[in-house]
Amino acid sequence: MTVNEEMPLRAIILYDSRTSGGSTDRLIDAIGHELVETGAYVEKAKCRANADYSFVREFDLVILGAPVYYLVVSSQLLGALVQSNLKKCLKGKKIALFLACGSPEPMALTLYLPQVKVHLVRNRILSEKIFAPHQMDDPDEVEGFVEEILDEYEKADRGRPGSSQLQWDDEASDMVNAMPSFISGKIRSSLEEYARINGIKLITPEVINVARSSSMGM
Ligand SMILES: Cc1cc2nc3c(=O)[nH]c(=O)nc-3n(C[C@H](O)[C@H](O)[C@H](O)COP(=O)(O)O)c2cc1C
């Protein structure tokens, strides 16, 4: 699968683990590496139950993952979904999920994954994966997971009206790229939404200027 080179997919991996440098850390690095290889822009952030997750809004794709300890998905990820603004910031986001655990897959799908999914009923989940201990360091397993995420992402994006035709000209793209990173993702998404609503197929500096003076409120 290919990712638009001009506007790379922006992915964030939100994860939790009690262990530093353990299997989850290695898994996240492998997933991140695989995504970067496809041209995506990737960041990772370790969850804290009470953190501010506003930054998540800048990303197109959110991958949530954690290990299971004593039958419960690692607490800071679950805590963030319950206590913080994470759930609110995930509104409308495409999501992928993974768990690292020692139990057989059917048990993990029945007992562990629902602990996370119950908080994501309104999100589009592109792919979900249980990594057993022998799969965590297997490049084929990671590659398969990332491939499925990207394929489903592309399908979901193709389904959006007008998305397949929407393009950016170089100058408009440079204008947005020159903005600080904490805001450029949000501006880019807002402009694409504005273009889709108004049937615009090419985003130019003029489109940005008109959007700025419209109700888009840029
Ligand atoms: C203290 C402890 C408790 C665990 N409890 C479970 C469990 O209840 N169910 C399960 O499937 N795996 C369990 N596991 C396996 C872990 O989920 C698995 O080893 C995971 O990869 C650990 O991730 P980490 O290396 O990032 O800590 C447990 C592991 C540990 C160390």
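Which element contributes the largest share of the shell around the ligand? In this predicted model, that element is β3, with 3 residues. The shell as a whole has 16 residues, and the closest to the ligand are Gly22, Thr24, Pro67, Cys101 and Ser103.

The largest nonpolar core counts 47 residues, and Ala11, Ile13, Ile31, Val62, Ile63, Leu64 and Leu99 have the most contacts inside it. At least two residues of this core come from each of β1 (10-15), α1, β3, α2 (75-83), β5 (94-100), α4 (105-117), β6 (124-131) and α5 (139-158). Take Leu64 as an example: leaving aside residues up to four places away in sequence, it touches Leu14, Leu77, Ile95, Leu97 and Val116. Another core sits apart from the largest one; it has 8 residues, including Ala172, Leu191, Tyr194 and Ala195.

On the domain level, the protein is split into domain 1 (10-158) and domain 2 (167-213). Their C-alpha centres are 29 Å apart.

Then there is the matter of confidence. The average pLDDT is 89, and 92% of the residues score at least 70. Residues 1-5 are another story: pLDDT stays under 50 there, and the model has 11 contacts beyond four places in sequence for this stretch.

Definitions and conventions: Residues are numbered from 1 along each chain as its sequence is written. This is a predicted model: local features need pLDDT of at least 70, side-chain atom pairs count only at pLDDT 80 or more; totals for chains, interfaces and linings use all residues. A residue is near a molecule or strand if its C-beta atom, placed from the backbone, lies within 6 Å of it. Helices (H or I, at least four residues) and strands (E, at least two) are DSSP runs, numbered from the N terminus. Domain bounds come from an automatic or database domain assignment. pLDDT is the predictor's confidence in each residue, from 0 to 100. Two residues are in contact if their C-beta atoms, placed from the backbone, lie within 7 Å. A nonpolar core is a set of buried Ala, Val, Leu, Ile, Met, Phe, Trp, Tyr and Cys residues joined through C-beta atoms within 7 Å. A residue is buried if 20 or more other C-beta atoms lie within 10 Å of its own, exposed if 12 or fewer, and partly exposed in between; C-beta atoms are placed from the backbone.
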